[in-house]
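Here is a short briefing to read alongside the model. Please have a look at the structure first, and then walk through the notes below.

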Amino acid sequence: MSKITVYTARRIHTMNPSMPRADAVAVRDGRIVEAGTLDTLRPWLDVHPHVVDRTFERHVLLPGFIDPHLHPPMAAVLLPLHFITAMEWRLPWGTVAPTHGADAYLARLRKIERSLADSSEPLITWGYHEIWHGPMHREALNRISASRPVVVWQRSFHAIYANDAALRWMDLDEDTLERHPQIDAATGHFFETGLAVANARMAPHLLDHKRFRDGLRRVRQAIHHGGHTTIADMAFALFDQEREWEALCDVLDRDDTPFRVHMVPRVKDPGSAGMESELARVRALRELEAGRLSFHDHVKLFTDGGFFAELMQVQPPGFIDGHHGEWLMAPERFEALARAFWNEGYRIHVHCTGDLGLELAIEVLAKLQWERPRFDHRFTIEHFGLSTPEQIRRLARLGGLVSANVHYVHELADAYWRHSIGHERATRMARLGTVVREGIPLALHSDFTMAPAQPLHHAWVATNRICASGEVAGPEERLTLEQALRAITIDAAFVLGMEDEIGSIRAGKRADFTVLEADPFEEPVEALKDIPVWGTVFEGRPFAIR
Amino acid sequence: MNMSATGRIPVTLIGGYLGAGKTSLLNHLLTHAGGERIAVLVNDFGALGLDAALVARRDANTVTLTNGCVCCSIADDFGTALDTQIRADEPPERIVVETSGVAEPAKAARYAGGWPGVRLDAVLTVVDLETIRSRGKDRFVGDLVVRQIEAADLIVANKSDRVDASTRRSAARWLTRRAPRSTQIETSHGRVAPAVVLGVDLHGSGGLHEGFGNGRIRSHSPNVPVSPASEPSNRMEPESHAATDRNAHPPFVRVSCRAGEPLERAALVTALDAIPGTVMRFKGVVRLREDPDRPRILQGVGRRWSLEPAPLHLPAALGIGGDSAIDLIGVGPAGPIERAARRIAPVP
């Protein structure tokens, strides 16, 4: 057995309601011996060799943050892109300041173009949004560069603009552009199905072996930067199972990776191959088990389309412009897959963004409970964009959980009020106050890169509900600080079925801590997102953010 | 001759909700392809239940049939599946795509219509006559099912053997109310003649220059004078044939017409817009008075049609010289279809 290390701190918030505060914690072999004070720890220290490490004497410790839903492979594609965004993005390699206005946008783009050494390297930027950055045009991008491919990727990933050099790079002739109903050749605008044409041409570049691994290394850095010690990859695999697993192992399964990854398989419809074949495929994934990456008895299913893309399925009165959301699989197939995995005892996570998608998930959960009741099943609604108070009440009675992307409120409440679903529903998206009042365990997630991988940012949105405009959207749905911090620690652990191991600081758990430079309980709650993260302790080892 | 002048492979979309019968329609199509090299892209080829005797080769994503057709899995990526076909050593003459049961057909049409190397031929939506009315009211998928019907060029009203006459009539009325301009064909077990699913093959047997008589096609005497196909005339001369493909698909009618004089564009447009709902497909080469030296390809499915420049060598290849020649494929009595043919170029 190794020596005990005692970390002292200005304050330790254990997130263990039985003993919420401490100022020292003893750690041995990656686990917590106990939390308390140097005095209360004395019986251990009298008997066992130990050191007292006072590195955190001026810091505040919380349990290691947990993000129970993000997508490292997706983020690996995105992070190598150049960010020009309306919102601030704090990334380990620098903070991206908000850019507002058409001139400022193009000036920023020109600056990036000039900073690139290799004159043929495509410049792909992400974060453009017409509301903030004005109309975009092929000619404007030609003025940025006549020779370098320049591609402007819209914030929600559903459109791009390309300059002439990019069209040549993608090997797309004018005729193809002219005849496509969702490509505007004049402006270089590709959207919806037109974007698929461009994506197919860009894929070899974006998914290039080296670029993808570099992207994953950035993901690793960003996750550490946010103060996480556990994340869940909430849909394995997104692209190609073998290649993805290999890259994840290469980059993340290393001794110097300061977090573990809970891998949640994406269930695929086996069709004529039969449900047993899909159950067997998912069961076999558990054998993959690598040090930092592990599979458990959790699976991921989907109901409706993306929230940023406005493809969520919405109950009446629907969208202002009358468009429709989409189903990611037929409701009957969703039900059949959920039943198969429910009956095998799996914990099911369901991507639901609109309130009709949620309705389907709740209705299926009610059927499954009727057919084969389960207690502690942890059926979890993921994302949780739109909901009604009545749905939340039913969900509570059926034993469902919620893992929410609360960042929606900050970024979309204003825009969706004005352009999508109106004020009442837009300002009450991510209705988390009601969730907590109904006693539903709640986690917050980033769905990175849909939102920044920064748990304190999400806790800040959940406690303040301040939108991009500065208005407060739905003050009744704000959480208390305590509730918000539970949602990024102990209750996030509960959603992942790991609450016995992580999520609070108590005797016997993994020694995972997030080290903060200030105490969230002393700072004004409006400043929560600005509390600097010193770094983390992962299984007893300190990892400073450099 | 299925490629248009642009060399793009035509793509036919088969849509419709889960359980409507898309798979059996595709199975029937592959089994009765009649010499055309068709690539069928499906979500799940295990579900097709292809006759083992028809399978020449099989690998993880592709089944090659003895009749020259292939059947491929779309997996997760429609675009990649299309590219695989377009870039094949021997690209197919036609691509038929089974869209997912929850696909918005209008969106799938934009996808396939704009994809480099292909062009959209038609959208067929298969509906299950037995369940369509309850599906149309379903709170989760009712709107979607209605949009699938609205987006169809042709509605295949399937499983007619499972419903009684009054259910069939009320379902047909319901379909017409939801999609008043739609063209419907009723069948069971997904049996629809390839000529209806894919349209007329101008070069193939039974095409414009060969007259009729393929298989057990039955000629029936049109009540208009018939002149030999090779002899130009100033009139459109409809000929019609009711065809029954061995106890397989329901009979269809094929009407062929020719005109020796160029057609007036305005009159042609009026005639095409008034085409009856029993005409599923029409295709041909026409010459317009405004520009008689430039042959054009006319293609129609249901009530949607297009006119685009034809390769200059096409009329010679088809043996129709300077004539306009059009084939119509329809169901039900021949009379209305023949009258439509006559309106396309009225007897002077």
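Chain B has a mean pLDDT of 83, with 83% of its residues at 70 or more; pLDDT is the predictor's confidence in each residue, from 0 to 100. This is a predicted model, in which local features need pLDDT of at least 70 and side-chain atom pairs count only at pLDDT 80 or more, while totals for chains, interfaces and linings use all residues. Residues are numbered from 1 along each chain as its sequence is written, and chains are lettered from A, with ligands numbered from 1, in the order in which they are written.

**Confidence**

- For the complex, the predictor gives an ipTM of 0.88 and a pTM of 0.91.
- Residues 205-237 of chain B stay under 50 in pLDDT, and the model has 71 contacts beyond four places in sequence for them. Two residues are in contact if their C-beta atoms, placed from the backbone, lie within 7 Å.
- Residues 242-247 of chain B also have a pLDDT below 50, with 17 contacts beyond near neighbours in sequence.
- Where pLDDT is low, the predicted coordinates should not be read in detail.

**Domains of chain B**

- Chain B is assigned domain 1 (9-197) and domain 2 (201-344), with bounds that come from an automatic or database domain assignment.
- Between these domains of chain B, 16 residues of domain 1 are in contact with 16 residues of domain 2.
- On the domain 1 side, β9 (183-186) and α7 (194-198) of chain B each supply at least two residues. Helices (H or I, at least four residues) and strands (E, at least two) are DSSP runs, numbered from the N terminus.
- That side of domain 1 of chain B divides into 7 nonpolar, 5 polar and 4 charged residues. Here Ala, Val, Leu, Ile, Met, Phe, Trp, Tyr, Cys and Pro count as nonpolar, Asp, Glu, Lys and Arg as charged, and the others, Gly among them, as polar.

**Where the chains meet**

- The contact takes 24 residues from chain A and 21 residues from chain B.
- On the chain B side, α2 (78-86) and α3 (105-114) are the elements that give two or more residues, and α3(B) gives the most, with 5 residues.
- By class, the side of chain B that touches chain A has 8 nonpolar, 7 polar and 6 charged residues.

**A closer look at E192(A)**

- E192(A) sits in the loop between β14 (189-191) and α8 (193-206) of chain A.
- Why does E192(A) count as partly exposed? Because E192(A) has 16 C-beta neighbours inside 10 Å; buried takes 20 or more other C-beta atoms within 10 Å, exposed 12 or fewer, and partly exposed lies in between, with C-beta atoms placed from the backbone.
- Leaving aside neighbours within four places in sequence, E192(A) is in contact with H158(A) and Q182(A).
- E192(A) and D321(A) are 129 residues apart in sequence and 17 Å apart in space, C-alpha to C-alpha.
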